[in-house]
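Please open the model in your viewer and keep the sequence panel at hand. The tour visits the spaces within the protein.

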Amino acid sequence: MSFQIDVRKHLLYEDEHILVLYKPAGLMVEPDRNGHPNLLHQVRRYLKSLVPAGEEVYAQHLHRLDRPVSGLILFARRREVLHTLSDQFAQRTVKKYYQALTMHAPSQPAGILEHWHRKEKKKAVVEDVEAPGLEHIRLDYTVKPQGDNRFLWDVTLHTGKYHQIRAQLAHVGCPVIGDSLYGSGTAYKPDAIALHACGLGFIHPVTGKALMIEQPHPF
């Protein structure tokens, strides 16, 4: 499923320096070789609608979400702002919170998952022990039963590797609902899995104010 959104209805924070938007599941963040609709182009069109015809606008995302994942995406509206925010991501001072639904619970209702990760074609591989070519990954979690044999995870992500949450939860026997790539046999919504980026905390690149943008899960 590829679609257009009304950017104005998806804005959670907006000023002259940055934007934070809710990306629905099924929409790509950036262009691909097949020319599918994507959030980046739609944000740029929105910004052009705010200025006189022919005036240039700037917008660039700071991070990505997988196409079937919903949640918050941060955009810079100026190049110098992009550099400042990129430093925050590089230094891992940006706080990233997720929620997920699974059909199984881990052995402990709260804890830390630490593994070793590598990307293999279009899938992540997770190992329990360090080995050459693997990178350390970590997340914190709490899990609560939701009824109907479903469990809601609240995840704090400390590293942001390819498919990290999806792969780590599957590795401990708890694949995200709808994520057939990592072993889920339970259907979810079309072109979507039950994983949502629900919170983003960072320092405003101009004002220096600490911001926490939140959007509850759509499960």
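The stops below cover a cavity and then a pocket.

This is a predicted model, in which local features need pLDDT of at least 70, side-chain atom pairs count only at pLDDT 80 or more, and totals for chains, interfaces and linings use all residues. Residues are numbered from 1 along each chain as its sequence is written, and side-chain values use heavy atoms, with hydrogens and water left out.

**The cavity.** Select His63, Leu65, Leu72, Lys96, Tyr97, Tyr98, Ala197, Cys198, Gly199 and Leu200, which line the largest cavity. On a 1 Å grid over the protein atoms alone, a cavity is a set of points where a 1.4 Å probe fits but cannot get out; a pocket is an open set with protein on both sides within 12 Å along at least five of seven lines; lining residues have an atom within 4 Å of a point. The volume of this cavity is about 50 Å³, taken as the space filled by probe spheres set on the points, which are joined across faces, edges and corners. Next, colour strand E10 (195-203), the source of four lining residues, the largest share. Strand E5 (95-102) also supplies at least two. Strands (E, at least two residues) and helices (H or I, at least four) are DSSP runs, numbered from the N terminus.

**The pocket.** Now select Arg64, Leu65, Asp66, Tyr162 and His163, which lie nearest the centre of the largest pocket among its 40 lining residues. This pocket holds about 1,400 Å³ of space. Helix H3 (79-90), E5, strand E9 (150-157) and helix H4 (164-171) each give two or more residues to its lining. Finish on E5, which gives the most, four residues.
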